[in-house]
Amino acid sequence: MSIVGTLKSFYRKYRLWKLRRAGLTIPDDCSLMRPFPKFGDEPYLITIGHNVGFAAEVIFITHDGGTKVFKREERYKKVLKYGRITVHDNCVIGQRVIILPGVTIGPNSVVAAGSVVSRNVPPGVLAAGNPAKPVMTLHQYAEWSLAATPDYDEQEYRKDKRAFLTKFHMRGRAANRAKPLPQDPV
């Protein structure tokens, strides 16, 4: 490993150590892409299960800062809006997902990139959108992904991933956007 790689690894471990010291519950078998998720001002309100993968730029929000607007009024001075966030085992959280206070993401679930999770995500689903909602079961997602994957040479993929992927074409809607779909406006 190069010196730069060693330093990056050390810095990553240091950041996790600091977050754990601040109360974040996260096991070592989680995958955290760069840039690191933002665990907010109250990492002690966040619990992550085993084998959870985070894409880049995931944001955890554990409190509602909007209360500042009305907290000057006597009636609302004592209002507190904080919420625990729990991500159960074996989940994948896509790039730029925002997870709001009080949310639980069930085991074996996937949250699609760009989603805003404002309500609990049930176990075993793919959730997407703003607000994130279950779109399909994990089994349906697996079958859909399999159907979109053409036959390919695994050795060629392992040998030179970049060259392989530049000529790789998935089946289905995402691969054929040049032709408008019947429901798409022309």
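Is F164 buried or exposed? I looked this up to start, keeping in mind that the model is predicted. F164 comes out buried, at a relative accessible area of 7%.

I counted the aromatic pairs next, and the structure holds 10. I picked F70 with Y76 to begin: the ring centres sit 5.3 Å apart and the planes are at 70°, so I noted the pair as edge-to-face. F70 is partly exposed at 28% relative accessible area, and Y76 is partly exposed too, at 29%.

Then I went back to F164 and its pairing with Y152. Their centres are 5.6 Å apart with planes at 55°, so this pair is tilted. The two are 12 residues apart and link distant parts of the chain: Y152 lies in the loop between α2 (138–148) and α3 (154–159), F164 in helix α4 (residues 161–167). Y152 is partly exposed, with 39% relative accessibility. I also found that ring pairs join Y152, Y157, F164 and F168 into a cluster.

**Cysteines**

I searched the whole structure for disulfides and got 0. C30 is in none of them, and its nearest cysteine sulfur, in C91, is 9.7 Å away. C30 is buried at 7% relative accessibility, and C91 is buried at 1%.

**L16**

Last, I checked L16, which is in helix α1 (residues 3–21). L16 is buried, at 11% relative accessible area. Leaving out residues up to four places away in sequence, L16 touches I26, L32 and F36. I also looked at T47, 31 residues from L16 along the chain: their C-alpha atoms are 13 Å apart.

Methods: Residues are numbered from 1 along each chain as its sequence is written. This is a predicted model: local features need pLDDT of at least 70, side-chain atom pairs count only at pLDDT 80 or more; totals for chains, interfaces and linings use all residues. Side-chain values use heavy atoms; hydrogens and water are left out. A disulfide is a pair of cysteine sulfur atoms within 2.5 Å. Buried means under 20% relative accessible area, exposed over 50%, partly exposed in between (1.4 Å probe, protein chains only). Helices (H or I, at least four residues) and strands (E, at least two) are DSSP runs, numbered from the N terminus. Contact means heavy atoms within 4.5 Å. Rings of Phe, Tyr and Trp (its six-membered ring) pair if their centres lie within 6.5 Å; planes under 30 degrees apart count as stacked, over 60 as edge-to-face and the rest as tilted.
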